[in-house]
Amino acid sequence: MTANPPLRVLIVDDEAPARNRVRDLLADCALQMPLEIAGEAENGRSALAMLPECGADVVLLDIRMPEMDGLEVAQHLQKLDEPPAVIFTTAYDAYALKAFEVHAVDYLLKPIRLGRLFEALSHVRTVTPLRLDVLRELKREARTHLSVNERGRIHLIPVAAIAFLKAELKYVTVRTAEREFLIEESLAKLEQEFLGRFVRVHRNCLVAKEAIESFERATGDDGEGHWVVVMKNIAEKFPVSRRQQHIVREFGKIL
Amino acid sequence: MSINQNANTGALPDFRNLGILLRIVVIVGGMSLAAALLRSGESRSLMEELIDLSALVQPILLASVLALAAANSWLHRLRYPYAIGALLAIELAVTSVVYLFGLGAFRGMGVLVNYWLLTLFVTGVLIGYFDLRGRALSPALSEARLQALQARIRPHFLFNSINAVLSLIRQDPRRAEQVLEDLSDLFRVLMADNRQLGPLAGEIELAKQYLSIEQLRLGARLQVEWDIAAAPSDALIPPLVLQPLLENAVYHGIEPRSEPGVISIRIHRDRDEVHIQLCNPYRQEGERHGGNRMALANIRERLALHFDAEASIRTTETAGSYRVHIVIPYRKARVQ
């Protein structure tokens, strides 16, 4: 056996006492295995901002956190070139625990036992990485952000800032007021996940209801009239497909 | 003041409770109306019959209600069968007194025995009604107690708190001791038989202990404003009304936010009423509501069991905040 470099652990929990407790336990583990604390974060967003610079090999990730929960953080983590291993921590979450067992996802129950933590950390290098589809299945609520990998870092796109989503070949273009991004997801699944926020105007296009300014009549190449969506703050206009004409009528009554 | 009166063995209702009095008046009124309907015809209109009957029934009803309210605590000390006997005796005596000293309306309208029979019949119907109602409500009571045990404290809170205590043991053992003491006080109340009303001061103390545990976990994110200078600490309220509402406020109002939030509690007395008002920040988006409704339904039910129509609980959601307003009748704790 070759000597491993120390395992670097990132602690993510919104409650300070819980982070203190994990830090104490990691200090105990460090007596028996090479271990370093890569950092501490009190929410998902700052945890994602610390990677990959902090060089964490493993993230101890609390599930119930404000704004972005641990299950969502884990999904965004997978966008990294070399995502760290994830060990979820939770005080009580009947649904998630059952699913973790089914998919052999690593988790620790709070209060965390030293023995369990040690065991989880010693296996972490050999454990099979988390699968994105499993994580998607675990998280029942819609995500608060979409994410892309930009030059090795995770860039978060708040769902509330998205004006439209447009399917193009194997990618989906995500457009905010400022920029556009490409993500590798299916438009149909996105539509399902964010039901209520977006409306499908065309086979390949979802538009945020809040971003719709109005509808206009336009004349197509074939000389036939059809409706187009006019967006707030964005010059681009989208034709409304024949099948989706009803949304024009509904728009007057708030979609 | 207990609500054991609703236990299965049968017991008399609280004749000093406005809700009970209202029910008595409404039922007797309904029976009068039915009788008047039957007797009215071509010669006399429904209104005339009703007025005649009321002239007869209302004085007896009024006198009975006053007599029963006066005899209320004495009646409740008797065992149920004796209490029924005493109640009927009081009713007959009241009828006799009203008959003898009553209005001219009684003269020439039948003999005293008929009035006795009428009184006994109406009283019997009412006793039967309140007995049935008590039986109907008592399973709800045990259900409410069960819920008090199961749904009161979220498991999430228990495990997170223990975790927080564990984190303190190495760094601040004294604080850890204090948190464990608070925690055990909280659970002592949770596991007690919570059917008796308790003084408001105790409930406030419990709420403060609960919040201090949450404070440990949430730090500056949890800010609490108490406005209880005008709270009547001797008022009697059902146990575990305040704490579950605060737990909701923390769970739905504080935990989902990164930025600090304020929970405000205002308790004051306004003449015969105690007002409890809670306010917490609240954001609608994608939050779970199930536990919230269960706790509210539980509290509403227990308030109804204790105070009938005299207590109320209202919730309002305004932009960014959630408010609960409870009104209960002011009853003083007996000085031991």
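Predicted model: local features only at pLDDT ≥ 70, side-chain atom pairs only at ≥ 80, totals over all residues.
The peptide bond that joins Lys110(A) to Pro111(A) is cis, with omega at about -5 degrees. A cis peptide bond also joins Leu51(A) and Pro52(A), and there omega is about 0 degrees. Pro52(A) belongs to the loop between helix H2 (44-50) and strand E3 (58-62) of chain A.

A further loop proline of chain A is Pro83(A), placed between helix H3 (70-77) and strand E4 (85-90). Leaving aside residues up to four places away in sequence, Pro83(A) touches Leu77(A), Gln78(A) and Pro129(A). Met33(A) is 50 residues from Pro83(A) in sequence, and the C-alpha atoms of the two are 22 Å apart in space.

Backbone geometry also draws attention to one loop residue in each chain. In chain A, Leu169(A) is not a glycine, yet its phi is positive, at about 50 degrees. Leu169(A) sits in the loop between strand E8 (162-168) and strand E9 (171-176) of chain A. Because 5 C-beta neighbours lie inside 10 Å, Leu169(A) counts as exposed. In chain B, Arg271(B) has a positive phi of about 50 degrees and is likewise not a glycine.

The contact of the chains involves 16 residues from chain A and 20 residues from chain B. On the side of chain B that touches chain A, the elements giving two or more residues are helix H5 (155-171) and helix H7 (200-218) of chain B. H5(B) gives the most to this side, with 11 residues. By class, the side of chain B that touches chain A comprises nine nonpolar, seven polar and four charged residues.

Within chain B, what is the relation of H5(B) to H6(B), roughly parallel or roughly antiparallel? The axes of H5(B) and helix H6 (residues 173-191) come within 7 Å and cross at roughly 155 degrees. H5(B) is therefore roughly antiparallel to H6(B), as angles over 145 degrees fall in that class. The crossing in which H5(B) passes H6(B) is left-handed. From H5(B), Ser161(B), Val165(B), Leu168(B) and Ile169(B) take part, and they meet Pro173(B), Arg175(B), Ala176(B), Val179(B), Leu180(B) and Leu183(B) in H6(B). The residues of this contact divide into eight nonpolar, one polar and one charged.

H7(B) in turn packs with helix H8 (residues 242-254) of chain B, their axes coming within 9 Å and crossing at roughly 25 degrees. This angle makes H7(B) roughly parallel to H8(B), because the limit for that class is under 35 degrees. H7(B) passes H8(B) in a right-handed crossing. H7(B) contributes Glu203(B), Ile204(B), Leu206(B), Ala207(B), Tyr210(B), Leu211(B), Glu214(B) and Leu218(B) to the contact, while H8(B) contributes Leu242(B), Gln243(B), Leu246(B), Val250(B) and Ile254(B). The contact of H7(B) with H8(B) has 10 nonpolar, one polar and two charged residues.

Key: Residues numbered from 1 in each chain as written. Chains lettered and ligands numbered in written order. Contact = placed C-beta atoms within 7 Å. Helix = DSSP H or I, 4+ residues; strand = E, 2+ residues; numbered from the N terminus. Nonpolar A, V, L, I, M, F, W, Y, C, P; charged D, E, K, R; others polar. Axes fitted to C-alpha atoms, helices over the stretch in contact; angles between N-to-C directions. Parallel < 35°, antiparallel > 145°, perpendicular 65-115°, else oblique. Left-handed = near helix turned anticlockwise from the far one by under 90°. Buried ≥ 20, exposed ≤ 12 C-beta atoms within 10 Å, placed from the backbone.
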